[in-house]
Number of protein chains: 2
Amino acid sequence: MSLTRREFLMRAGQAGGYSAAFVLMQSLGLLAIPEAAGEASPLRLVDGKGARVVILGGGIAGLVSAYELGKAGWSCTILEARQRPGGRNWSIRAGTQVEFTDGARQTCTFDEGHYFNAGPARLPSTHHTMLGYCRELGVALEVEVNSSRSALMQSNLLNSGVAVPERRVVNDTRGHVSELLAKCIKRGALDQEITADDRERMIEFLRQYGDLNPDLLFRGTNRSGYKVPPGATAQLPVVNAPLAMHQLLDADLWQGMLVEEVLEWQPTMFQPIGGMDRIPFAFASRLDSVIRYGAVVSRIRQSDSGVTVTYSERSASSQAGETRLIEADYCICAMPLTVARTLDADFSAPIRAILDTVQYDSAYKIAWEAPRFWEKEANIFGGISYLQQPVDLVWYPSARLFSERGIVIGGYSIELGPAVGALPSLLDKADPAERSMTEHGYIFGHLPSIEAKLDASRRSVELLHPGHGKDLSKPIYVSWGHIPFNLGSWISLGWNDEKALATLQSPDRRVYFAGDHTSRLVGWQEGAALSAYRVINQLGERIQ
Amino acid sequence: MSLTRREFLMRAGQAGGYSAAFVLMQSLGLLAIPEAAGEASPLRLVDGKGARVVILGGGIAGLVSAYELGKAGWSCTILEARQRPGGRNWSIRAGTQVEFTDGARQTCTFDEGHYFNAGPARLPSTHHTMLGYCRELGVALEVEVNSSRSALMQSNLLNSGVAVPERRVVNDTRGHVSELLAKCIKRGALDQEITADDRERMIEFLRQYGDLNPDLLFRGTNRSGYKVPPGATAQLPVVNAPLAMHQLLDADLWQGMLVEEVLEWQPTMFQPIGGMDRIPFAFASRLDSVIRYGAVVSRIRQSDSGVTVTYSERSASSQAGETRLIEADYCICAMPLTVARTLDADFSAPIRAILDTVQYDSAYKIAWEAPRFWEKEANIFGGISYLQQPVDLVWYPSARLFSERGIVIGGYSIELGPAVGALPSLLDKADPAERSMTEHGYIFGHLPSIEAKLDASRRSVELLHPGHGKDLSKPIYVSWGHIPFNLGSWISLGWNDEKALATLQSPDRRVYFAGDHTSRLVGWQEGAALSAYRVINQLGERIQ
């Protein structure tokens with residue numbers, strides 16, 4: 001969530017100006033724009049003639065690399081520290097162990113058939129590469145309902161703290177905005193900007209946009225739902241009275257309200273039926289002996305002719321293992337940089353500089369099993385409720401709609417806990433809007449125990465669905481900064497860090513870096529897959 | 001669609017004022033509002049002790065009536081003119097015959113497994129009654145994606161007539177509105193209305209709302225998508241240049257843009273897996289011998305003690321049939337009023353007056369089978385594209401996403417064809433906005449032949465998806481005004497016709513009227529079901 005939040009803010013703020021700058025440069029002819037750009041990274045496979053590639057990390061970037069290179073005659077080996085593929089693409093089910101770096105341990109006890117996507121949980125319809133793999137590998141998808149007008153919004157400063165359906169915040173806000181702008185136009189405040197003809201058309205547009213009354217006043221709209229719904233008797237329907245703009249400003253629920261307009265979160269979105277990890281397992285089933293599980297890398301050495309990687313091979317039940325060496329012509333380092341920096345590796349100085357200073361966010365998610373009170377009592381089928389609370393969202397399942405029980409996410413955000421070193425500097429750098437958002441993550445991250453965090457999660461669910469906090473059971477708390485072999489959820493690098501990105505996108509002699517952190521789609525599987533395409537293309541060019 | 005359009009306009013215009021009036025009256029204490037209103041028509045079943053009820057019409061209202069009364073010891077018989085239950089709830093598949101009153105005949109030749117919901121095609125999540133029946137009767141549902149930001153909008157006056165994704169119209173419009181309002185606030189145009197503190201917060205809100213740049217100007221937003229998408233190479237992303245507000249006003253695509261905010265069309269929406277008629281067939285499977293198919297009613301006579309209905313019983317293959325009589329204690333007339341008015345019935349004068357003057361709209365839908373070019377080439381998965389053309393929408397299937405072929409709706413609107421008598425008066429009464437909308441329906445309805453209508457449909461698809469008009473095959477055109485036993489799609493009655501509604505909601509001696517046309521949810525199955533609840537409650541009170 002927080003990636004998005006930060007990205008969201010960046011885009012709304014600096015990046016809004018950033019993208020605007022590009023539009024301007026483009027229109028001035030200062031930027032060369034390909035006529036039909038299509039994909040930024042089309043895949044070009046070149047016969048590898050048996051060239052050996054060792055791939056560090058069996059997440060999406062590593063899996064795509066091995067899968068595509070394998071098609072073209074390259075000899076790949078993936079070294080994966082865990083006993084499963086996927087990396088952050090991790091679906092937790094009954095029996096799954098969640099272990100933190102500090103030794104905390106949880107075991108999932110969900111009922112049969114339920115799952116919790118602790119990492120990625122949705123596929124935008126614009127992410128062609130990942131959707132293409134689902135098609136190619138036979139991973140069945142279903143719609144992930146990412147926004148629903150029946151989902152709730154809660155602030156202590158709005159409606160006496162009683163949660164209201166999103167439809168009221170969205171449509172009442174639009175109503176107020178339309179009334180105010182219509183008023184200005186009628187007063188002549190925009191006579192410089194708008195022709196008389198357009199003024200009239202603007203007024204007519206605003207009347208529709210905001211559902212204004214004939215006097216161009218916003219006095220409520222049935223778009224915001226009914227206090228008494230229309231039926232089939234003499235009873236007249238009564239629409240909800242509008243929320244006051246002043247209160248809406250107090251509540252400051254804009255981020256949640258605008259989530260549906262962030263490009264990657266716009267409908268239509270998808271999820272694999274049965275869990276996001278259907279994707280890595282589908283890759284893995286095609287990669288057979290290419291993946292070595294339990295292979296914990298410790299050392300990388302490059303020479304003029306190849307790369308040697310040292311790793312220990314561990315069984316599922318043991319923390320120690322046999323030390324092994326693997327020799328290859330090239331290496332794709334597709335592990336998080338937080339892990340790469342712990343290796344004994346002869347990286348170049350620019351790469352080492354990045355590893356030494358790079359910051360990762362630590363996002364968390366909390367999942368609960370519960371009876372579907374949100375569907376039965378609040379007509380909420382999928383979508384996300386937003387709160388101005390330490391746990392600031394509740395995300396409802398799109399899986400198995402209408403069934404008895406489901407997995408609900410009670411919190412997904414950046415968690416700025418003590419284990420994450422970057423907190424003070426991040427706070428220092430944050431702009432006011434980001435700080436107010438960060439504040440909540442901060443409060444959550446500094447809650448003293450897992451129990452306190454679960455209590456905060458339960459409290460947010462209770463605020464949205466009074467009486468149902470007690471219905472939550474079988475919690476699982478995943479804090480990515482504390483997960484071994486991840487040590488963070490995603491890189492804090494932004495698109496403005498062009499220099500760092502360029503370094504990561506260039507080979508360090510025979511080592512190539514892949515992963516969403518080397519793309520402009522940080523936190524998305526699509527970015528990981530496209531980063532693999534870039535590396536594959538670079539390798540192809542090299543051996544041609 | 002057209003119901004919605006008309007309703008939409010009514011709500012945006014007059015009804016905006018109407019609902020606003022109620023909010024005002026409510027706040028002034030002039031209207032008694034139940035504290036917790038809940039459903040307008042909760043069902044109260046009373047033991048019928050074998051009382052006989054004859055139900056005319058096996059659409060949703062008739063089916064719900066028989067199903068619920070049957071639970072409570074009433075002895076029901078449904079007379080259904082067709083050989084299937086459901087009325088307008090009609091899913092057309094391979095082999096289905098579509099016959100018009102003028103003798104035109106089509107036979108569906110879809111591939112196995114495809115269907116076309118010629119009538120209702122979506123269930124809002126706020127329609128508890130219908131969703132409850134799906135649950136109770138075991139009708140499996142899936143998400144119906146009713147709006148998608150990747151769907152397209154087309155006007156000859158926008159972007160040189162080249163269709164643009166909905167995300168650009170939505171987000172560029174919001175950007176322009178935000179910039180203009182921010183400008184006005186900075187100029188002091190709203191100093192009377194807004195406190196200094198709120199002014200600052202409004203500006204910050206508008207910055208986020210419209211994705212304005214630091215100078216509070218709208219210069220494009222990545223919410224509207226990219227000309228060059230972000231990838232994993234050095235290539236910088238480039239956002240789409242914003243559409244000019246002047247062009248957006250020219251294009252006048254507001255109705256399509258705001259569809260997603262009409263209460264009944266807000267996400268999350270559903271559809272039965274396999275076709276909407278899974279609902280009536282599920283009812284029918286519980287009603288067994290209660291339904292007499294091929295029973296064409298001709299006469300109704302009431303006495304102090306009962307009702308006698310005359311009908312002819314026809315086989316599937318014959319237009320003539322044996323004349324039969326059925327006696328009952330009560331009658332529920334759940335057929336369209338366009339059909340009821342053709343009966344030899346001793347209705348009261350007020351009912352007769354309604355039957356003599358009532359107007360029904362004639363909506364049409366055209367369905368095609370085609371390869372899923374909209375998914376593969378345009379990332380459109382469900383949702384609806386809108387055009388300013390004679391065929392003004394294209395609705396993509398939510399069923400079997402990602403499969404090879406699908407059924408796409410090329411046109412759904414009111415069709416004001418020669419068979420519908422009300423055209424001139426409707427045009428006279430229409431307000432300018434409605435007239436411009438009606439114009440398109442008019443053009444379509446007056447095309448001279450089915451072939452010309454199919455050509456218009458194909459042309460709209462071609463405008464949205466150049467090169468793919470030719471991929472459309474196996475058309476089916478359903479024009480509800482021409483369908484026997486319907487003679488219209490829905491009543492033209494609005495909520496403001498309280499007197500007519502009150503008459504239809506009161507029994508005419510022993511005859512009770514049910515159907516969505518007797519509810520405030522015209523054109524929705526929910527209205528039909530709630531109308532059945534009203535009648536059941538009235539019958540219960542009567543025999544107690």
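Is the crossing of α3(B) and α17(B) right-handed or left-handed? In this predicted model, local features require pLDDT of at least 70 and side-chain atom pairs pLDDT 80 or more, whereas totals for chains, interfaces and linings use all residues. Residues are numbered from 1 along each chain as its sequence is written, and chains are lettered from A and ligands numbered from 1 in the order in which they are written.

Helices α3 (residues 60–71) and α17 (residues 525–543) of chain B pack at an angle of about 40°, their axes lying 8 Å apart. Helices here are DSSP runs of H or I with at least four residues, numbered from the N terminus; axes are lines fitted to C-alpha atoms over the stretch in contact, and angles run from 0 to 180 degrees between N-to-C directions. The crossing of the two helices is right-handed, the near helix being turned clockwise from the far one by less than a right angle.

Chain B can be laid on chain A by a turn of 180° and a shift of 0.0 Å along the axis, with an RMSD of 0.0 Å. The two copies are thus related as by a two-fold rotation axis. The C-alpha of B:Leu181 is the one in chain B nearest the axis, 2.7 Å from it.

Contact (C-beta atoms, placed from the backbone, within 7 Å) joins 94 residues of chain B to 93 residues of chain A. Helix α2 (residues 14–27) of chain B supplies the largest share of the chain B side, nine residues.

Notes: Copies are superposed by least squares on the C-alpha atoms of residues with pLDDT of at least 70 in both. Two residues are in contact if their C-beta atoms, placed from the backbone, lie within 7 Å.
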